[in-house]
Every structure is written in structure tokens, then in C-alpha cells.
Amino acid sequence: MQYMVSVITDKPGLATEQEDAAIDVFNDRLKAEGYWVFAGGLGGPDTATVIDSRGAETLVTDGPFLESKEYLIGFWIIEAPDLDVALALAAEGSKACNRKIEVRPFL
Amino acid sequence: MNSADVHEAITRVHRDEWARVVATLTKRFGDLDVAEEAAAEAFATAVQRWPEDGVPPNPGGWLTTTAHRKAIDRIRREDKRDDKYREAQLLYDDDPPPAQVGPIGDDRLRLIFTCCHPALAIESRVALTLRMLGGLTVPEIARALLATEAAAGQRITRAKAKIKATRIPYRVPSEQDLPARVSGVLTVLFLVFNEGYLATGSDTDPLRPDLTAEAIRLTRLIRTLLPGDGEVAGLLALMLLTEARRTARVSAGGELVPLGEQDRGSWDAELIAEGHRLVRERLAAAAAGVAPGRYQILAAINAVHSSARDVRDTDWSQVVALYDQLVHVDPSPIVALNRAIAVAELDGPEVALAAVDHLAEALAGYHLFHATRADLLRRLGRSRQSRAAYDKAIELAANAAEIAYLTRRRDQLG
């Protein structure tokens, strides 16, 4: 079963050197133990563009679809047998990147 | 067997076997929904058939077999409709059958941990536990939660959907996670008990013995399943000693009777004896070096009260010493408030009031903070301030019997 492990932040700016190092260690562990599927960091909300093609014309809007103090800044996709394993890994990931984490299953 | 006997037999079997049937089926089919529905159908079949056919010699076995058949029927129907049905399964423990036979291998224990999983909202844990383990109906759960039936039903449905979609496992947590997870289960049971012990709502009965009884029953079950867990024993003892005072706690006029004014002769001696046995068991463990948790300490405090034949015989220094221990485990302002109440008996209301006033900021919205202040101010002869504190306590209180008591106390002020 795959889980999306989203990194939520409320502080602008990239990860610190220390956070980066901790994330590397965590990533290595995910790979070594077979949980790793994919991971990546994202640009902040000011780099977002919203596209809406539901109507006749395509609408292009600058900015995130939802303005909020906290936003998505990166994610892991992990393969885990159940939620307990996913949550335990997310707890370590949160420590490594020093940010809040949201866990959701892929359906 | 007449129909009243059959009815009574069904009620008893429902109480004793519901959780086991649901747990066994969840294990077999890996799906709470299927298990719950099949168990409900099996009991409905029993209600239909037993008055005519008689109660089978092994009612639990009969129900499990019947529920099993119902579940297979349903899965066949669903399979036809949706091939993907079985893909989104609750994860059950598919390790080889455990070597240890006994409580830890009991499916009901798995069910408890699934229903009380920390990824579920606390209200959902309560609702799910009452449904899956307690066998309460949705209307009964709605009454327990003071929610509408639609809202209670939705809570259960959503919780089951989350368990399924996120694969909340159906197993006893690893040894490393066990203490935290057991503590989560006990929180759920204590919440159920407390709602029965001091029901919220001005038009609700002040006591809900159905809820305290259910909480005790489920805690007893967990005690059988985890006999070595000190906090489980502690919570059970705490509930039993509290329940023992139930009838003495509300007067004929519907007013709350505080501990010091209760008719101790009407306390339930049997429950007290059982509670004291558990407390002694935990004291022996503590003497052997096992640090007691909060429920064990709370139970010990209650045991000091239930050991005193008259309120004047209460060993207050022992109560304060236990609160000192509790503050270490749980440094919350509510514990500090309760400690101050005991301090008033030992060192006088003035010392206690100073301690209580320290908590003003943290507990400004808590009715018992104001009620405690009101009582201490009254004892110090500061009527005007006492009255203001009673007013505030009455405004914040939610229990009908408590409001009646506080109002009378306020009106008695000179």
C-alpha cells in the first residue's frame, strides 16, 4: 500500500543544512528498508499557477488555489504494509525535516 | 422456556458474545463493516428463531456460525456488484497463528486497538468502541454522545471508512507501542465512564448508569485480556470505587451530594471490596518497584476515601501525599486543584485558597475551579466573594444535579 507523506510548512525558505543532512539520512533508510517510492521538494506558493479548463476557455491564474499560512512544500511517497508503519515512518520524517507531516493513502 | 426467559437469554448472550462475534468475523473477513452487519443480522435471526426453536446449547457458537454465513452471503452479493470490493481490505494479522494461546491472541483485543486507534478522532473512537465492542445501537450511542442519530451514525461510518482506506491494522500493537496504545484505549473508556458519572446537559439525567456500567464492563474485558497491566487494573479500581458511591451521590431532590456529606452506609460494599483488592494488588506492585500511573494513583486516592467510615476519619495526609505523586505523573492544573481541595482539609482553607488562586489563569473556564474557590471563601467567612464565585460556577456548570447543589449553597450564604 502506498502513502503520500506531505511536508507542511509555515516558514518561508529552504531547509537548513542540518535539516538537509537529516533528510538524507532518513531517505537512505527508506531506500535500505524498502519503503522508498519517490520524494521531492516543491517551490513555495508564490511559484504556483492554477489552470482551470472546465469551461470553454482555459483560465490561467497566478498563485496557489488556496491561500493559507501553512502550505505543502515537499513529499515522500512510501510503500508500507499498514498505517501504523506509515505513521511511524512519518514521525521520523517529521523529525528529520523539522516540519509537520500529513499522511494519506493512495486509493 | 417461556418468551421472557428467551428474551433474557438473548440479552445476556448479546452482552457476552457480541464483541467476540464481531472480532472473530473481522479477523476472518478483514472488514469491520461486514463483521458488524453480519453480527447484527445473526442476532436479529436469533430474536426471530429462538422463541420457537429454543436457545441453542452453544449460543455463542450458533451466532458465530450464523453471522459467518450472513457475511459470506453479503460478500457474494458485493462481489457481483464490484470486483474491486475485496481489494480495499482492512489489514488483518496474517502472521501464522500465534504460538501463545490466551488473551493476547484474543480477537477482541485486536478489535479494541483498531477502534481506539490514535488516527481516529476521539469522538469516533468512543462511538466505534461502543458499537463494535459494546454492541450499543446507533440511537444508544447518539444518546451517549449527546449527538443526533444521524451524526452518530455518520461518525461510525466515517471511522470505518478511514480504517479501511488507510489500512489501520487489526492487531495488537508491538510491545514498544503497547503502553501508549493501551493508554489511548483507557482514555476512551474513562470518557465513557465520566459521561455516565457526571452527565452533561441540563435536561439529561445527572447520572447515566447505563454508561458507567458499559465502561466498567469493557474495562473488565480489557483486564481479562491484559491482566498484567497496572493502569488497566488502576482504571477498573477507580471506576468500581466511584460507581460504589453512585446512589449516594444524588439526593432524592436531584441535587449532587459531595463526598463529605454522603451517606456512607449506602455505598456499595461489594464494589468497594473489589476496588480495594485491585488497589492492594497495585500497591504490592508499587512496593516491588513498579511506578504507578495516574489511574492507579487516582484509584488509591479513592480507596483512602472509601476506607473511611466517617468523613472525619479520612486520612487527609495520605490523600495529599498521593496527590503529590499524581502531580509528578500529571502536572495539569486540574490535578493541582484537586490537591488543593485535600490541602484545605489538612492545612486549612487559607493555605488551599492561595494554591487555588495560582490556577486562576489556567482554569478560568472550569466550573469546579470557581466552585472550589466559592467553598473555601465561604469557610473563610468571605461571603460576598464566595457568592460571586458560586455565580460563576453555576454559569459554567453543565450537570443538572451539580447546578442544583451549587445554587443551594450560594443561597445559604449569609
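This is a predicted model: local features need pLDDT of at least 70, side-chain atom pairs count only at pLDDT 80 or more; totals for chains, interfaces and linings use all residues.

Trainee: In what order do the elements of chain A run?

Mentor: From the N terminus on, the order is β-α-β-β-β-β-α-β. The C-alpha trace of chain A spans about 50 × 35 × 20 Å along its principal axes.

Trainee: What makes the meeting of D82(A) and R171(B) a salt bridge?

Mentor: Their side chains come to 2.5 Å, N to O. The rule wants a side-chain nitrogen of Lys or Arg within 4 Å of a carboxyl oxygen of Asp or Glu, so the pair qualifies. Across the interface of chain B and chain A the rule finds two salt bridges. It also finds five residue pairs in polar contact there. By class, the side of chain B that touches chain A has five nonpolar, two polar and three charged residues.

Trainee: How big is the area buried between chain B and chain A, and what share do carbon and sulfur atoms give?

Mentor: It is about 760 Å², and carbon and sulfur atoms give 57% of that. A165(B), T166(B) and R167(B) supply 54% of the area that chain B buries against chain A, more than any other three residues. The contact itself takes 10 residues from chain B and nine residues from chain A.

Trainee: Over to chain B. Why is the crossing of α10(B) and α13(B) called left-handed?

Mentor: α10(B) passes α13(B) in a left-handed crossing, a label that applies because the near helix is turned anticlockwise from the far one by less than a right angle. The axes of α10 (residues 230-243) and α13 (residues 294-307) of chain B cross at roughly 35 degrees and come within 7 Å.

Trainee: Which residues make that contact?

Mentor: Among them are G230(B), G234(B), L238(B) and L241(B) of α10(B), with Y295(B), L298(B), A299(B) and A303(B) of α13(B). By class, the contact has eight nonpolar, six polar and two charged residues.

Trainee: Last one: what does R373(B) touch, leaving out residues up to four places away in sequence?

Mentor: R373(B) touches L353(B), V356(B), D357(B) and A389(B). Each of these counts because contact means heavy atoms within 4.5 Å. R373(B) is found in helix α18 (residues 367-379) of chain B.

Definitions and conventions: Residues are numbered from 1 along each chain as its sequence is written. Chains are lettered from A and ligands numbered from 1 in the order in which they are written. Side-chain values use heavy atoms; hydrogens and water are left out. Buried area is the accessible area (1.4 Å probe) that two parts lose on being put together, summed over both. A polar contact is a pair of N or O atoms within 3.5 Å; within protein, one must be able to donate a hydrogen and the other to accept it, and residues adjacent in sequence count only if both atoms are side-chain atoms. Ala, Val, Leu, Ile, Met, Phe, Trp, Tyr, Cys and Pro count as nonpolar, Asp, Glu, Lys and Arg as charged, and the others, Gly among them, as polar. Axes are lines fitted to C-alpha atoms, for helices over the stretch in contact, and angles run from 0 to 180 degrees between N-to-C directions. Helices (H or I, at least four residues) and strands (E, at least two) are DSSP runs, numbered from the N terminus.
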